[in-house]
Amino acid sequence: IKEQEWFHRLNRKVSKEPFKSALLIRLAPILPIPLDGHWYVCGVTPMTLANFVTAYFIGTLKVAFIDASLGSLLFSSILDTEAVQ
């Protein structure tokens, strides 16, 4: 992995802005790997655990709010039979 050009570019970016880089990777997966693979990619870069955990938590909030909103909308549409008629 250390011989790949994309890794060198990512490593330089992470060295300059570790929090922003981890948050960007979490919010907009740019690497053609599964989501859990981002954990490993961030693990081989010079990023502190605190930066990674904070950015990953904030990035997870987006998905949690979207899922909660869609679930609430679906649940209320099922219970609201007058809206269907």
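**View 1. Phe-52 and Tyr-56 within helix 4.** In this predicted model, Phe-52 and Tyr-56 both belong to helix 4, which covers residues 49-79, and they are four residues apart, about one turn of the helix. Both Phe-52 and Tyr-56 are buried.

**View 2. The aromatic pair of Trp-6 and Phe-7.** The model holds two aromatic pairs. One of them is formed by Trp-6 and Phe-7, whose arrangement is edge-to-face, with 6.3 Å from centre to centre and 90 degrees between the planes. The two partners can be told apart by their accessibility, since Trp-6 is partly exposed at a relative accessible area of 33%, whereas Phe-7 is buried at 3%.

**View 3. The rings of Phe-52 and Tyr-56, with Arg-26.** The ring centres of Phe-52 and Tyr-56 are 5.4 Å apart and their planes meet at 35 degrees, so this pair counts as tilted. Arg-26 is also part of this view, lying over the face of Tyr-56 at 4.8 Å from the ring centre.

**View 4. A nonpolar patch on the surface.** Phe-19, Phe-57, Ile-58, Leu-61 and Phe-65 make up a nonpolar patch on the surface, and together they have about 490 Å² of accessible area. Helix 4 supplies the largest share of the nonpolar patch, namely four residues.

**View 5. Ile-58 in the patch.** Ile-58, one of the residues that form the nonpolar patch, lies in helix 4.

Terms used
Residues are numbered from 1 along each chain as its sequence is written. This is a predicted model: local features need pLDDT of at least 70, side-chain atom pairs count only at pLDDT 80 or more; totals for chains, interfaces and linings use all residues. Side-chain values use heavy atoms; hydrogens and water are left out. Rings of Phe, Tyr and Trp (its six-membered ring) pair if their centres lie within 6.5 Å; planes under 30 degrees apart count as stacked, over 60 as edge-to-face and the rest as tilted. Buried means under 20% relative accessible area, exposed over 50%, partly exposed in between (1.4 Å probe, protein chains only). Helices (H or I, at least four residues) and strands (E, at least two) are DSSP runs, numbered from the N terminus. A charge sits over a ring if NZ of Lys or CZ of Arg is within 6 Å of the ring centre and within 35 degrees of the ring normal. Patches are made of residues with over 30% relative accessible area and no salt bridge: like charges are joined within 9 Å, nonpolar side chains (Val, Leu, Ile, Met, Phe, Trp, Tyr) within 5 Å. Accessible areas come from the Shrake-Rupley method with a 1.4 Å probe; for residues, only the protein chains shown count as cover. A salt bridge is a side-chain nitrogen of Lys or Arg within 4 Å of a carboxyl oxygen of Asp or Glu.
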